Amino acid sequence: MFKHSIALTAVGAVMFATTAISQTSAPSSNAPSAAPSAPAPAVERPKPPENNLAGQGKWRASKLIGVDIYGSDKKKVGDVTEVLFDKAGKVEMVTVGVGGFLGIGSKDVAIPFEQVTWSEEPMVVPAPAPAPAPAGGSGSMSGPATAPTAAAPVPRGPMMYPDHGAISMTKEQLTAAPAVTYASR
C-alpha cells in the first residue's frame, strides 16, 4: 500500500510540474522598438492537387447508383439502379427501381437524365402533424403537446455524388411506365 501511494504522489508531482511549466511564458522585452510590428502574413491554405476531383463538380457513376429519387409529391419513388451512357460518354438516362419488396418484384424504369433535378442538399421532409390529445385527459402528462420539429439538414463537404434526385412523376405513374429491357448477352 505504501509503495502505491509513493508512486501516485510521484506521478501527481510530475503532472503538476508539467502543467506549471507549460503555463509560463517567455520573458517579454521591455525595450522600445523603433518600428511598429507588422501584422503576421495571412497563411494560405494549400490547394488540393488537380487530380483531386472532390469539390470540382464531378460525380462518380458508381456513387450515383443507389441515390434516392423523389416524385412530385415529395415521396420516395425508388432509387437509381443504372446509369446509361451514349458512345461519346454523355449520360443519357438513369434507371430507377420501382415497386416490389426488397428487390423482389421490382422493375427498372428509364428516365432521361435531364428530367431529373439533382440536389446535393438533403431532402427536407415535413414533420407529421401531432396526434390529437385523448378526450378527458386521464393518464396523460400535463402541459401542452408540441409538434416534433423537422431536423435541419446537416451541411456536408464536397461529395462525388448528389444527395437525391427529383422527378415530375409520382410513384404510381412510374410504376405504370414500361420496364427497361437489356440485351440478352
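**Legends to close-up views**

**View 1. Overall surface and content of the predicted model.** The accessible surface of the protein comes to about 14800 Å², and 62% of this area belongs to carbon and sulfur atoms. The model is predicted. Its secondary structure consists of 3 helices and 6 strands, which follow the order α-α-β-β-β-β-β-β-α from the N terminus on. Of the 185 residues in the protein, 14% are buried. Among contacts between residues at least 6 apart in sequence, 55% join residues at least 24 apart.

**View 2. The open sheet of 6 strands.** The strand order is E4-E3-E2-E1-E6-E5, and the pairing is mixed. Strand E4 (107-112) and strand E5 (117-119) form the edges, each pairing on one side only. From one strand to the next, the twist averages 35°.

**View 3. Pairing of strands E2 and E3.** Strands of a sheet pair through backbone hydrogen bonds, in either a parallel or an antiparallel sense. Strand E2 (residues 76-85) and strand E3 (residues 91-98) are antiparallel, with 6 bridges between them. Glu82 lies opposite Thr95 in E3.

**View 4. The largest nonpolar core.** This core has 16 residues, of which Ile69, Val80, Val94, Val116, Trp118, Ile167 and Leu174 touch the most other members. Strands E2, E3 and E4 each supply at least two residues of the core.

**View 5. Surroundings of Val116.** Val116 is among the core residues that touch the most other members. With neighbours within four places in sequence left aside, Val116 is in contact with Ile69, Val94, Ile111, Gly165, Ala166 and Ile167.

Key: Residues are numbered from 1 along each chain as its sequence is written. This is a predicted model: local features need pLDDT of at least 70, side-chain atom pairs count only at pLDDT 80 or more; totals for chains, interfaces and linings use all residues. Side-chain values use heavy atoms; hydrogens and water are left out. Two strands pair if DSSP finds at least two bridges between them. Helices (H or I, at least four residues) and strands (E, at least two) are DSSP runs, numbered from the N terminus. Axes are lines fitted to C-alpha atoms, for helices over the stretch in contact, and angles run from 0 to 180 degrees between N-to-C directions. A nonpolar core is a set of buried Ala, Val, Leu, Ile, Met, Phe, Trp, Tyr and Cys residues joined through side-chain atoms within 4.5 Å. Buried means under 20% relative accessible area, exposed over 50%, partly exposed in between (1.4 Å probe, protein chains only). Contact means heavy atoms within 4.5 Å. Accessible areas come from the Shrake-Rupley method with a 1.4 Å probe; for residues, only the protein chains shown count as cover.
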